[in-house]
Amino acid sequence: MLSNLMLIVADKEKAEVYYRKLQQDQHLTIYFAETKEEATEKIAAFEPDLILLSNSFNDYNSYELCKQFREIECITRPVIVMIADEEEDASKRIKAFVQGADDYLYSHIEDEEFSVRVLAHIRRHIEELSDYSTRLPGATLINTQIKRRINLGNPWSVMTMKLNNIKPYMDTYGCLAGNQLLKAFMAIVKACAEKEDFFGCVANEEYILITRPLMVEAMAESICATFDQIIPRFYAPYEAERGFTIVSEEGKASRKVNLISISIGVVSSEHRRIDDYKTALSFANAMKDLAKHQVGSGWLVDRPMISGDELYDDTDRQKYILVIESDAALAYLLNTTLEMQGYLVDATSCKQEAIAYIDKKIPDLVLIDAVLPGDDGWGICDYIRTNDLLNKTKIVMATVLHDKEKAFIAGADLYIPKPYELMALHRWIEKLINDTYY
């Protein structure tokens, strides 16, 4: 386990003395280095939380070593504690601090005090790098943990988790309810995790669990299933029953927001060779973003295809919008302005023609007028929402019929009463089509 890691830099005899003084902690891993080269290599590879450095380390200048250790590029700055065998004058202690030491101890002090003082440094180090609201290890500690596991060479898995729609939930129900929900989520993850796992928080809505590949898929499934089971309890009964809330946007527009769900992405050393923590997080986050498109909570594991190792990225693909509008002048204006925004656009006022367009090319977004000549737009909503191939298509309902409840039940993602401001519509479409609302 590599939750808290200490490196003792000293000759073998002194290292054993320091080791015996430390009251063993189940979350503390201790490595040793007897040469400058070995110490430098382990600092670069494992980035210890704390370095115990003997001030009489073989034939090396320990003060110069302290300076060199401090200059090693690391994700997190390690605590350096220099240890002297006997009382030194103030000039040597000052020299140690000037060269980068954080504390200066004497090896002859009581074992309990020695241990407590060293562990206190580690505790403060972890606290300073933890998320303030959740008290979980923060991003820099997470990155260090992934790096340690990669360099150690043992099997590992990284699970990135995002709480979808947490911000509109807090805006509606308040921070107190939101904090209770976050506590419930963290309790679920901790209950599913193993003792040796590492759980951290990037932000209030994004979390990371580092675990073993053998258990990661079962954990992801258990976390999603348990969370979906409890989440309705955090909503008003009528919202829990219909499965969404309604959020007011600028102007008179309203947006449907589904109940909070979890998206989980998993990358494992068993499926892909990864040499740095940034790559590991990149693949896990790509899987997490894909999992977001599932209904409710969901998870995906990165398993490279035989054809290549690169994930498919459609961010540069031209997005396709279908405009279904009864007003010919407005339809032309929407077609023209959306094309100017870089979208591929088709426009029609006929339900059958609209369905033909949809069957020919899956749209990223459909802008529907609820009132069409000789028909209505509700049937098109139903056609889209009952077709599994169109589950990623966003629906914007623009209508003179002021019934947003009906629009959302029919499957709309955004409801806009006519008349509306064109530039505001463009902003809503951009957020919806690129999944950048929350």
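Angles under 35 degrees count as roughly parallel, over 145 as roughly antiparallel, 65 to 115 as roughly perpendicular, and the rest as oblique. In this predicted model, local features need pLDDT of at least 70 and side-chain atom pairs count only at pLDDT 80 or more, while totals for chains, interfaces and linings use all residues. Numbering starts from 1 along each chain as its sequence is written, and side-chain values use heavy atoms, with hydrogens and water left out. Helices (H or I, at least four residues) and strands (E, at least two) are DSSP runs, numbered from the N terminus.

**Helix pairs**

- Axes are lines fitted to C-alpha atoms, for helices over the stretch in contact; angles run from 0 to 180 degrees between N-to-C directions.
- Helix H2 (residues 36-46) and helix H6 (residues 139-152) have axes that come within 8 Å and cross at roughly 120°. H2 and H6 are therefore oblique to each other.
- On the H2 side, the contact (heavy atoms within 4.5 Å) is made by Ala44, Ala45 and Phe46. H6 contributes Thr144, Lys147, Arg148, Asn151 and Leu152.
- The contact of H2 with H6 has 4 nonpolar, 2 polar and 2 charged residues. Here Ala, Val, Leu, Ile, Met, Phe, Trp, Tyr, Cys and Pro count as nonpolar, Asp, Glu, Lys and Arg as charged, and the others, Gly among them, as polar.
- The axes of H6 and H11 come within 9 Å, crossing at roughly 110°. H6 and H11 are therefore roughly perpendicular to each other.
- Asn143, Ile146, Lys147 and Ile150 of H6 meet Tyr277, Ala280 and Leu281 of H11. By class, the contact of H6 with H11 has 5 nonpolar residues, 1 polar and 1 charged.

**The five-strand sheet**

- Strands of a sheet pair through backbone hydrogen bonds, either parallel or antiparallel. Two strands pair if DSSP finds at least two bridges between them.
- An open sheet of 5 strands has the order S7-S8-S6-S11-S12, with mixed pairing. Strand S7 (198-203) and strand S12 (298-301) are the edge strands, and each pairs on one side only. From one strand to the next, the twist averages 20°.
- Strand S6 (residues 157-164) and strand S11 (residues 261-268) run antiparallel and are joined by 8 bridges. Thr160 has Gly265 as its bridge partner in S11.
- Helix H9 (residues 213-230) packs on this sheet. H9 touches S6, strand S8 (206-211), S11 and S12, and its direction makes about 175° with that of S11.
- Helix H11 (residues 277-291) also packs on the sheet, touching S6, S8, S11 and S12. The direction of H11 makes about 145° with that of S11.

**The seven-strand sheet**

- Another open sheet has 7 strands in the order S9-S10-S19-S18-S15-S13-S14, again with mixed pairing. Its edge strands are S9 and strand S14 (344-348), each pairing on one side only. The twist averages 20° from one strand to the next.
- Strand S18 (residues 394-399) and strand S19 (residues 414-417) run parallel, joined by 4 bridges. In S19, Tyr415 is the bridge partner of Met397.
- Helix H12 (residues 328-340) lies across strand S13 (320-324), S14 and strand S15 (365-369). H12 runs at about 175° to S14.

**Cavity**

- Searching the whole structure finds 1 cavity of 30 Å³ or more. On a 1 Å grid over the protein atoms alone, a cavity is a set of points where a 1.4 Å probe fits but cannot get out; lining residues have an atom within 4 Å of a point.
- The largest cavity has a volume of about 50 Å³. Grid points are joined across faces, edges and corners, and a volume is the space filled by probe spheres set on the points.
- The lining consists of Asn165, Pro168, Tyr169, Thr172, Tyr173, Tyr235, Thr245, Val247, Val257, Asn258 and Leu259.
- Helix H7 (166-173), strand S9 (244-248) and strand S10 (254-258) are the elements that give two or more residues to this lining. H7 gives the most, with 4 residues.
- The lining of the largest cavity has 7 nonpolar, 4 polar and no charged residues.

**Backbone details**

- The peptide bond from Lys418 to Pro419 is cis, with omega near -5°. Pro419 lies in the loop between S19 and helix H16 (422-433).
- Glu47 is a residue other than glycine with a positive phi, near 45°. Glu47 sits in the loop between H2 and strand S3 (50-54).

Terms used
On a 1 Å grid over the protein atoms alone, a cavity is a set of points where a 1.4 Å probe fits but cannot get out, and a pocket is an open set with protein on both sides within 12 Å along at least five of seven lines; lining residues have an atom within 4 Å of a point.
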